[in-house]
Amino acid sequence: MIDNLSMLLKVYLTAIPLIVLIGVYCIVVTHNLIRVLIGVEILTKAVTLLLIIAGYVTNNTAFAQSLIITLIVVEAVVVATAAGVILNVFKNNNSLHVRNIKHLRG
Amino acid sequence: MTSVIDIILAVLTTLAALWAVMKGTLLRAAIALAATSVMVTIILFRLNAPLAAVFELSVCAGLITVIFMSTLSLTKPRTYEENMQHTKKRFSRYWLLPPIVGIAAIALAIFIKPFSLYFPFATSGTDVRSTLWNLRQADIIGQILILLVGVFGIIVLFKDKKKSGKEI
């Protein structure tokens, strides 16, 4: 049991930093607003995995699940609102380039 | 056998995330993101988290993909020539990512040794509903507030400028 658990930890603690790396690289390198949102989504996938691994190894999956549900609700709201912002940026500039955000007033 | 399945799932999740970032067209990137969510859902089911898995599948793989598709359909698609030029530019920016991920994967696989957690942990119960409603009531209030903020934010974003009386 402990061997399985330690192997599980090793596998997912190897995969999660890689997914974080992919998400951060996507956000840093891209010039497209939708792709920035995709990078944020990938980062939240890594956080979801980290929460459930932490819950599983500490025998606290119920607590981890409740945190994941909260995270998913926040994620959905953030994506919906960010999509609205992106659509407004596109409507005003006819482009999805990140530099257009600099031209916002207010 | 268990660890082999976990390794396969972890590798597929990482590859799906890499696919979402590397794909040229945004539509395929959104589909790859949904595939990443499906892989995360399978992992959640395996780790005894069925309620979170159902949420992940319905909201992240379903709703958020639909939001991405709607956003893409409301923006202007590129022409074929623009797409070809863009692919070259993208390659110059993204070619470093697969080698970096590969090197990081090898380094992490070497340096992270299998370890066990022997010390006891305080558990909060096994029922997710009682945990959510009794222990995490502030989270429920926070979720409701965040949903309201999201709804009002979208209303403000798509408010008709003529009705508002002045140009924003």
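**Entry 1: chain B.** I began with the order of elements in chain B, which from the N terminus on reads α-α-α-α-α-α-α-α, and the tally is eight helices and zero strands. I took helices as DSSP runs of H or I of at least four residues and strands as runs of E of at least two, numbered from the N terminus. The model is a predicted one, in which local features need pLDDT of at least 70 and side-chain atom pairs count only at pLDDT 80 or more, while totals for chains, interfaces and linings use all residues. Residues are numbered from 1 along each chain as its sequence is written, chains are lettered from A and ligands numbered from 1 in the order in which they are written, and side-chain values use heavy atoms, with hydrogens and water left out.

I then looked up burial in chain B and found that 31% of its 168 residues are buried, where buried means under 20% relative accessible area, exposed over 50%, and partly exposed in between (1.4 Å probe, protein chains only). Chain B exposes about 10700 Å², of which carbon and sulfur atoms supply 72%; such areas come from the Shrake-Rupley method with a 1.4 Å probe, and for residues only the protein chains shown count as cover. Of the contacts in chain B (heavy atoms within 4.5 Å) between residues at least 6 apart in sequence, 55% join residues at least 24 apart.

**Entry 2: chain A.** For chain A I noted three helices and zero strands, running α-α-α from the N terminus on. Buried residues are 58% of the 106 residues in chain A, and the chain exposes about 4200 Å², with 67% of that supplied by carbon and sulfur atoms. Among contacts in chain A with a separation of 6 or more, residues 24 or more positions apart account for 57%.

**Entry 3: helices across the two chains.** I asked at what angle the axes of α3(A) and α3(B) cross. They come within 10 Å and cross at roughly 0°, axes being lines fitted to C-alpha atoms, for helices over the stretch in contact, with angles from 0 to 180 degrees between N-to-C directions. The two helices are therefore roughly parallel to each other, a label for angles under 35 degrees, against over 145 for roughly antiparallel, 65 to 115 for roughly perpendicular and oblique for the rest. The residues of this contact divide into 21 nonpolar, two polar and two charged; Ala, Val, Leu, Ile, Met, Phe, Trp, Tyr, Cys and Pro count as nonpolar, Asp, Glu, Lys and Arg as charged, and the others, Gly among them, as polar.

I also followed helix α3 (residues 61-93) of chain A to helix α7 (residues 137-157) of chain B, where the axes come within 10 Å and cross at roughly 10°, which makes α3(A) roughly parallel to α7(B). The residues in contact include A:L67, A:V77 and A:N88 of α3(A) and B:D139, B:G150 and B:L157 of α7(B). By class, this contact has eleven nonpolar, six polar and one charged residues.

Entry 4: Most residues other than glycine have a negative phi. I found a positive phi near 55° at A:N94, which sits in the segment after α3 of chain A and is partly exposed at 47% relative accessibility. In the loop between α2 (26-46) and α3 (50-74) of chain B lies B:N48, with a positive phi of about 60° and a relative accessible area of 48%, hence partly exposed.

A:C26 is buried at 0% relative accessible area, and B:C60 is buried at 2%.
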